Amino acid sequence: MPNIEVLTLSVNSILSLSPLAGCLSLSELYLRRNMIPSLSELSHLRPLTRLRVLWLAENPCCGTDATQYRLTVLRCLPRLQKLDNQVVTDDEISLALMEGEEVTTPPGSIQNQHTTNGLQDAETENDPLNYNMEETNKIREELGMKPLSRDKFSSLSSPSTRESKTIKKSHALDAVLLLLKDLDEEELHVVHTATQNRLQMYTLDSERLTKTQQTQKTAEIQH
């Protein structure tokens, strides 16, 4: 359900959040009193850039240290404006980025597998090529770009190191461009400054390389 915006699932014995990773329009999520075992499940919510309200209290993952729990959640999901019915402050976010624990993807986690008439469509659902193609084209569609055909992804089944790097860069660029739409003015200024600094590094490296090449040529001529 990629268009759903508010979802209430409290008291449902939920164990995993992986099925929510595709709910990209979700802004409010209520998961109070479920069976979520670890905060690592929050990694599935990272793609939800519009998520602003989360209620996660009374789950096993909350533990006994309420302060550390809150800081860890906010480090993983710094865009939240309200957590467990309490407003999130800027100071909390700053503290969370320093003292909150890093949330990693649960080991052995896989994309939730859908079923059709009770039977798994193994030919499509378990095909990483098909999954990567769908995810990439979803991003391209939101950016107003034309979708890519399946033959463009043929190298994914056994990509070389160089091809893998190219694919990762393409995904990263698409993701960055998509996230820009959700940033406010202050956040865009931060990105702008970081981009300028990065470009200056490339310019300096390029100038050093040019000077080195010129020096080598001069030395060869003199020799």
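The structure is a predicted model, in which local features need pLDDT of at least 70 and side-chain atom pairs count only at pLDDT 80 or more, while totals for chains, interfaces and linings use all residues. Residues are numbered from 1 along each chain as its sequence is written, and side-chain values use heavy atoms, with hydrogens and water left out.

The chain contains six helices and seven strands. Helices (H or I, at least four residues) and strands (E, at least two) are DSSP runs, numbered from the N terminus. Along the sequence these elements follow the pattern β-β-β-α-β-β-α-β-β-α-α-α-α. Of the 223 residues in the chain, 28% are buried; buried means under 20% relative accessible area, exposed over 50%, and partly exposed in between (1.4 Å probe, protein chains only). The chain exposes about 15300 Å², and carbon and sulfur atoms supply 54% of this area. Accessible areas come from the Shrake-Rupley method with a 1.4 Å probe, and for residues only the protein chains shown count as cover. A contact means heavy atoms within 4.5 Å. Among contacts in the chain with a separation of 6 or more, 51% join residues 24 or more positions apart.

Five strands form an open sheet with mixed pairing, in the order E1-E2-E3-E4-E5. Strand E1 (6-8) and E5 stand at the edges with a single partner strand each, so one side of each has no neighbour in the sheet. Two strands pair if DSSP finds at least two bridges between them. Strands of a sheet pair through backbone hydrogen bonds, either parallel or antiparallel. E3 and E4 run parallel and are joined by two bridges. Leu54 has Leu83 as its bridge partner in E4.

Three salt bridges are present in the structure. A salt bridge is a side-chain nitrogen of Lys or Arg within 4 Å of a carboxyl oxygen of Asp or Glu. One of them joins the side chains of Arg32 and Glu58 (3.4 Å, N to O). Arg32 lies in the loop between strand E2 (28-30) and strand E3 (53-55), and Glu58 in the loop between E3 and helix H1 (66-76), so this pair ties together parts that are 26 residues apart in sequence. Glu58 also meets Arg33 in a salt bridge between their side chains (3.2 Å, N to O). That pair again links distant parts of the chain, 25 residues apart, with Arg33 in the loop between E2 and E3.

Another salt bridge joins the side chains of Arg70 and Glu92 (2.6 Å, N to O). Here the linked parts are helix H1, which holds Arg70, and helix H2 (residues 90-99), which holds Glu92, and the two residues are 22 residues apart. Arg70 counts as buried, at 11% relative accessibility.

The buried residues of H1 are Tyr69, Arg70, Leu71, Thr72, Val73, Leu74 and Cys76. Their cover includes E3, strand E4 (82-83), strand E5 (86-87) and H2. At the start of H1, a side-chain oxygen of Asp65 comes to within 3.3 Å of the backbone nitrogen of Thr67.

Asp84 is found in the loop between E4 and E5. This residue is buried yet has no salt bridge, and the nearest side chain of opposite charge, that of Arg70, is 5.2 Å away. For this count, Lys and Arg are positive and Asp and Glu negative, while His and the chain ends are not counted. The side chain of Asp84 does make a polar contact with the side chain of Tyr69 (2.6 Å). A polar contact is a pair of N or O atoms within 3.5 Å; within protein, one must be able to donate a hydrogen and the other to accept it, and residues adjacent in sequence count only if both atoms are side-chain atoms. Apart from neighbours within four places in sequence, Asp84 is in contact with Leu54, Trp55, Leu56, Ala57 and Tyr69.

Leu77 sits in the loop between H1 and E4 and is buried, with a relative accessible area of 7%. Not counting residues up to four places away in sequence, Leu77 touches Leu42, Leu45, Arg46 and Leu54.
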